[in-house]
Amino acid sequence: MTKFIELLSYTIPTIVTGFVAYYFFKTYTKTEENKIQLSILKANQKQALPIKLQAYERMTLYLERINPSKLILRINSVNNDKEAYLQSLINTIELEFEHNLAQQIYISEKCWSVIITSKNATIHILKKTAKLNTVSNAQELREAILKKMLDILPPSNTALSFIKDEVKNII
């Protein structure tokens, strides 16, 4: 019996020490794994940030280009036909949008939704202005759009404000 108690007096502390060492080793390795993952995440963010900022820059440029006041200065009417000019404006907005479709990967869902809403609202304003009875040709449509932009804030300005706020939060 004495031998058994003596054996237990050596075995129990060894087992307890083994469990403590195992616990500390497991905790240490978990901490080291977390450090490695954090350093990889930081490295990825350093590489991704310039790409994200470039996407926001491109979408800012897009929104500036679809601002109706700037759009009608860039796009001229070929034959002064109101419907052809309206279609030309809408096609320009859609082509610019399609050119920047890949940017949605790098910006937030909410920001992308705001940009789409801005695009659709701009097209709606152009179509609504073209339906006015006082507008019969492309030149009158251009003037009506300019007058309308004096009265209301272009949808692209709202989207630009949203982008600026989002970029401030990223940086």
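**Figure 1. Packing of helix H4 against helix H5 in the predicted model.** Helix H4 (residues 109-130) packs on helix H5 (residues 138-151) at an angle of about 125 degrees, and their axes lie 10 Å apart. That angle makes H4 oblique to H5. The crossing of the two helices, H4 and H5, is right-handed.

**Figure 2. Residues at the contact of H4 with H5.** From H4, the residues Ile125, Leu126, Thr129 and Ala130 take part; they meet Leu141, Ala144, Ile145, Lys148 and Met149 of H5. By class, the residues of this contact comprise seven nonpolar, one polar and one charged.

**Figure 3. The largest nonpolar core.** This core has 33 residues, and those with the most contacts inside it are Tyr62, Leu63, Leu89, Ile107, Ile115 and Ile163. Two or more residues each are given to the core by helix H1 (2-65), helix H2 (68-74), helix H3 (82-99), H4, H5 and helix H6 (155-170). The most is given by H4, with seven residues. In soluble globular proteins, nonpolar side chains tend to be buried together.

**Figure 4. Surroundings of Leu89.** When residues up to four places away in sequence are not counted, Leu89 touches Leu71, Ile72, Ile75, Leu126 and Ile145.

**Figure 5. Ser156 and its contacts.** Ser156 is placed in helix H6. The relative accessible area of Ser156 is 1%, so this residue is buried. With neighbours within four places in sequence left aside, Ser156 is in contact with Leu63, Ile66, Asn67 and Ser118. One of these partners, Leu63, is also among the residues with the most contacts inside the largest nonpolar core.

Technical notes: Residues numbered from 1 in each chain as written. Predicted model: local features only at pLDDT ≥ 70, side-chain atom pairs only at ≥ 80, totals over all residues. Heavy atoms only, no water. Axes fitted to C-alpha atoms, helices over the stretch in contact; angles between N-to-C directions. Helix = DSSP H or I, 4+ residues; strand = E, 2+ residues; numbered from the N terminus. Parallel < 35°, antiparallel > 145°, perpendicular 65-115°, else oblique. Left-handed = near helix turned anticlockwise from the far one by under 90°. Contact = heavy atoms within 4.5 Å. Nonpolar A, V, L, I, M, F, W, Y, C, P; charged D, E, K, R; others polar. Core = buried A, V, L, I, M, F, W, Y, C linked by side-chain atoms within 4.5 Å. Buried < 20%, exposed > 50% of the residue type's maximum accessible area, 1.4 Å probe, protein only.
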